[in-house]
Amino acid sequence: MKFNPFPKITTERLILRKIEESDCDKILFLRSDKTVTKFIERPENRKTKNKTDAIKFIKEINEARKKNESISWGITLKNNPAIVGTICLWNFSVDHKIAEIGYDLKPAFQRKGIMDEALKSVVNFGFSNLNLYKIEAFTHKENESSIRLLKKNRFQINENRNDEDNSNNLIFEIENQAANMT
Ligand SMILES: CC(C)(COP(=O)(O)OP(=O)(O)OC[C@H]1O[C@@H](n2cnc3c(N)ncnc32)[C@H](O)[C@@H]1OP(=O)(O)O)[C@@H](O)C(=O)NCCC(=O)NCCS
């Protein structure tokens, strides 16, 4: 599993690119805006409260990528390099066969199918390029937009699992039909 060089993804309307320190204002907004973070619970030490925190966070995700621990993309529209959201694969299992997906989008860009397009491309990347067996998504039981997005993309709730860290979360999973699971 190698994330170097950075695996930029291009879709019909989007470019998923590396997040740079110069994107700190956009990252600060996404990680601190009340609407975007309504259903996302982060421990105090993982909160992004100012520009310094945002730069620190960007440095951390880029270090984690270099160590093959996680990969985060900035979502941009093809005609504008400004980041409107992010999507990541992280929390890889020790054998690198399972990863968790996370995503957020600026409210002004929601309900346009942008995350649907980004998520499809990242799931495809995870299954085709990383040969993942399974991708998981932990989402708050009242996060209707996120649940709709996941169901539309064939993620299924695993009723037998509970998030030990947050009882409000549902755990969705999608398996790689093409993977040899033996
Ligand atoms: C979760 C989140 C990314 C979903 O974003 P979204 O824009 O609603 O998701 P989609 O990209 O699937 O867009 C779907 C909507 O776009 C509409 N749409 C418009 N044009 C479309 C197109 N070309 N293709 C597909 N859908 C389109 C769909 O009809 C759908 O509308 P609906 O929600 O009224 O049914 C967003 O709500 C968000 O960022 N929330 C805050 C962060 C968060 O909670 N993250 C999840 C943590 S687990």
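This is a predicted model: local features need pLDDT of at least 70, side-chain atom pairs count only at pLDDT 80 or more; totals for chains, interfaces and linings use all residues.
Reader: Start with the ligand. How many residues surround it, and which are the closest?
Author: The ligand has 21 residues around it, and the closest are Tyr103, Leu105, Arg111, Asn143 and Lys152.

Reader: What does the backbone of Leu105 do there?
Author: One of the backbone N or O atoms of Leu105 is 2.9 Å from a ligand oxygen atom.

Reader: And Gly113 and Met115, how far are their backbone atoms from a ligand oxygen?
Author: For Gly113, a polar backbone atom is 3.1 Å from an oxygen atom of the ligand. For Met115, a backbone N or O atom is 2.9 Å from an oxygen atom of the ligand.

Reader: Switching to pockets. What volume does the second largest pocket have?
Author: Its volume is about 190 Å³.

Reader: Which element gives the largest share of the lining of that pocket?
Author: Helix H3 does, with five residues. H3 covers 114–128, and strand S8 (169–175) also supplies at least two lining residues. The lining includes Lys120, Phe127, Arg154, Glu175 and Gln177.

Reader: How do the lining residues divide by type?
Author: Four are nonpolar, five polar and three charged.

Reader: Lys51 next. Where does it lie?
Author: Lys51 is in helix H2, which spans residues 51–66.

Reader: Which residues is it in contact with, leaving aside neighbours within four places in sequence?
Author: Lys51 is then in contact with Cys24, Asp25 and Leu28. Lys26 is 25 residues from Lys51 in sequence, and their C-alpha atoms are 9.8 Å apart.

Reader: Why is Lys51 classed as partly exposed?
Author: Because its relative accessible area is 44%, and partly exposed runs between the 20% limit for buried and the 50% limit for exposed.

Reader: Now the backbone. Which peptide bond is cis?
Author: The bond from Asn4 to Pro5 is cis, with omega near 0 degrees. Pro5 sits in the segment before strand S1 (9–10).

Reader: What is phi at His96, and where is that residue?
Author: His96 has a positive phi of about 60 degrees, although it is not a glycine. His96 is in the loop between strand S4 (80–90) and strand S5 (98–105). Its relative accessible area is 30%, so His96 is partly exposed.

Reader: What about Asn131?
Author: Asn131, also not a glycine, has a positive phi near 55 degrees. Asn131 is in the loop between H3 and strand S6 (134–140). With a relative accessible area of 45%, Asn131 is partly exposed.

Methods. Residues are numbered from 1 along each chain as its sequence is written. Side-chain values use heavy atoms; hydrogens and water are left out. On a 1 Å grid over the protein atoms alone, a cavity is a set of points where a 1.4 Å probe fits but cannot get out, and a pocket is an open set with protein on both sides within 12 Å along at least five of seven lines; lining residues have an atom within 4 Å of a point. Grid points are joined across faces, edges and corners, and a volume is the space filled by probe spheres set on the points. Helices (H or I, at least four residues) and strands (E, at least two) are DSSP runs, numbered from the N terminus. Ala, Val, Leu, Ile, Met, Phe, Trp, Tyr, Cys and Pro count as nonpolar, Asp, Glu, Lys and Arg as charged, and the others, Gly among them, as polar. Buried means under 20% relative accessible area, exposed over 50%, partly exposed in between (1.4 Å probe, protein chains only). Contact means heavy atoms within 4.5 Å. A residue is near a molecule or strand if one of its heavy atoms lies within 4 Å of it. A polar contact is a pair of N or O atoms within 3.5 Å; within protein, one must be able to donate a hydrogen and the other to accept it, and residues adjacent in sequence count only if both atoms are side-chain atoms.
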